[in-house]
Structures are given as structure tokens and as C-alpha cells.
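This briefing sets out the fold, core, contacts and charged pairs of the structure shown below.

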Amino acid sequence: FNLDLNMIHFPLSTANAFLPGVATLKGDIDGSMTVEGNMARPILNGWLAFDSAAVTVDMLGSTLELPGEHIPVENNIVRLNNLKIKACNDNPLTVAGTVDLSELSSPGIDLSFNASNMQLVNTVKAPRGADVFGKLFLGLNATARGNLDFLTVKAKADILPGTNVTY
């Protein structure tokens, strides 16, 4: 089969029903995708892009801003080319690597996550539903590799000077 799919301002809030007590999504996703092959082995090609998108992590009460750049999908491989996710300051979390959607039930993941002096929390008191408040500065060097059946995550996380957080 051949399918041409175009998304213009598809609301991310549609997924909020699946994230109660964890996170809240806002903004939209845009994209253009072709789907070829068959139902058992679809082949995806195209791109996705966030539009004014953000994720509020309930536990932290912090909002992570998602960038609007195009994310290419080529032969089922989603390629994240140093995607920069911002929180409370201008020092982003950078995500790089690939997600292989060839097996939709258990995608292959090969991602790295890096942050230097990223401020993840900046509140005077805990926002409604949040478990922490104060200031939290983080350094992170992490990888996630494998698939959903066996995912290996390695991380070195540093709580940095200037942090004063209450849980």
C-alpha cells in the first residue's frame, strides 16, 4: 500500500490522556510522511517537527521546551541531530542518535543525552502536583541503547553548585 500523511498543527494534548500524573503536553506536531510496504512491515519516510511544543513534567513542575526543527525519518529511522530541549535556563539537554521503527512493537534505540549546567527546577514553592521546589542544576552524560524488550541505560549525572532543592 501507499499512504501520504500530512499533519498540520496536530495537537500534542491528544496524548495527555495516556500520561496522567506523569506529564502534560502542549503545542502541536507537524509533519509529512509516506508509508509504503504492507501492514506487517511498513516503511516510513518523511519528517516531523514540533510547533510551540512543550512537556510539563508533573513531578518537577518544570516545562521542557521542544525545538521546532525538522526531524527526518528515512527508511524507518528517526534521526535526532543534536535536538536541543530547554528547561529553566538557556543550557539545553541535547539528544542525538536514532530510533529504528522497523519493529514498531519494540523500536531500536541508540540515543545519547548530554547537558551542562541545565537548570531543571526553578520554583519558590512546589507548583500544584509537583514533588520538588527550589533550584536544580544538572550535568548529564547518558546513553540509551537497545529496544523496548531490553534497553540499556548508562548515565553519569551531577547535581551542580547552585542547587538547593526540596523534595
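A nonpolar core is a set of buried Ala, Val, Leu, Ile, Met, Phe, Trp, Tyr and Cys residues joined through side-chain atoms within 4.5 Å. Buried means under 20% relative accessible area, exposed means over 50%, and partly exposed covers the range in between, with a 1.4 Å probe and protein chains only. The model is a predicted one, in which local features need pLDDT of at least 70 and side-chain atom pairs count only at pLDDT 80 or more, while totals for chains, interfaces and linings use all residues. Residues are numbered from 1 along each chain as its sequence is written, and side-chain values use heavy atoms, with hydrogens and water left out.

**Overall architecture**

- The chain contains 11 strands and zero helices; helices (H or I, at least four residues) and strands (E, at least two) are DSSP runs numbered from the N terminus.
- Along the sequence the pattern reads β-β-β-β-β-β-β-β-β-β-β.
- Taken along the principal axes, the C-alpha atoms fill a box of roughly 55 × 30 × 25 Å.
- Buried residues make up 35% of the 167 residues of the chain.
- The accessible surface of the chain is about 9,900 Å², and 58% of this surface belongs to carbon and sulfur atoms; the areas come from the Shrake-Rupley method with a 1.4 Å probe, and for residues only the protein chains shown count as cover.
- Of the contacts (heavy atoms within 4.5 Å) between residues at least 6 apart in sequence, 43% join residues at least 24 apart.

**Nonpolar core**

- The largest nonpolar core comprises 33 residues, and F50, L80, V95, M118 and L120 have the most contacts inside it.
- Two or more residues of this core come from each of β2 (23–37), β3 (42–57), β4 (62–66), β5 (71–74), β6 (77–85), β7 (93–100), β8 (108–123) and β9.
- The element that gives the most to this core is β8, with six residues.
- As general background, nonpolar side chains in soluble globular proteins tend to be buried together.

**Surroundings of L120 and S62**

- Leaving aside residues up to four places away in sequence, L120 touches L60, S62, L64, A87, C88, L136 and L138.
- A polar atom of the S62 side chain lies 2.4 Å from the backbone oxygen of L120.
- With the same exclusion of residues up to four places away in sequence, S62 touches V55, T56, V57, C88, L120 and V121.

**The β9–β10 hairpin**

- Strand β9 (residues 133–147) pairs with β10 in the antiparallel sense over 10 bridges; two strands pair if DSSP finds at least two bridges between them.
- The two strands form a hairpin, with two residues between β9 and β10.
- Within this arrangement, R145 stands opposite T152 in β10.
- Strand β10 (residues 150–159) lies largely in the open, because the number of buried residues among its 10 is zero.

**Salt bridges**

- The structure holds four salt bridges, each defined as a side-chain nitrogen of Lys or Arg within 4 Å of a carboxyl oxygen of Asp or Glu.
- One of them joins E103 and R41, whose closest N and O atoms are 2.6 Å apart.
- This pair links distant parts of the chain, with E103 in the loop between β7 and β8 and R41 in the loop between β2 and β3, 62 residues apart.
- E103 is partly exposed at a relative accessible area of 40%, and R41 is partly exposed at 46%.
- D90 and K86 form another salt bridge, with the closest N and O atoms 3.9 Å apart.
- D90 is exposed, with a relative accessible area of 62%, whereas K86 is partly exposed at 34%.
- A salt bridge also joins the side chains of K156 and D158, at 2.8 Å from N to O.
- K156 counts as exposed at 52% relative accessibility, while D158 counts as partly exposed at 32%.

**Loop between β8 and β9**

- G129 lies in the loop between β8 and β9 and counts as exposed, at 56% relative accessibility.
- The C-alpha atoms of G129 and V22 are 9.7 Å apart in space, although the two residues are 107 residues apart in sequence.

Note on methods:
Polar contact = N/O pair within 3.5 Å; in protein donor to acceptor, adjacent residues only side chain to side chain.
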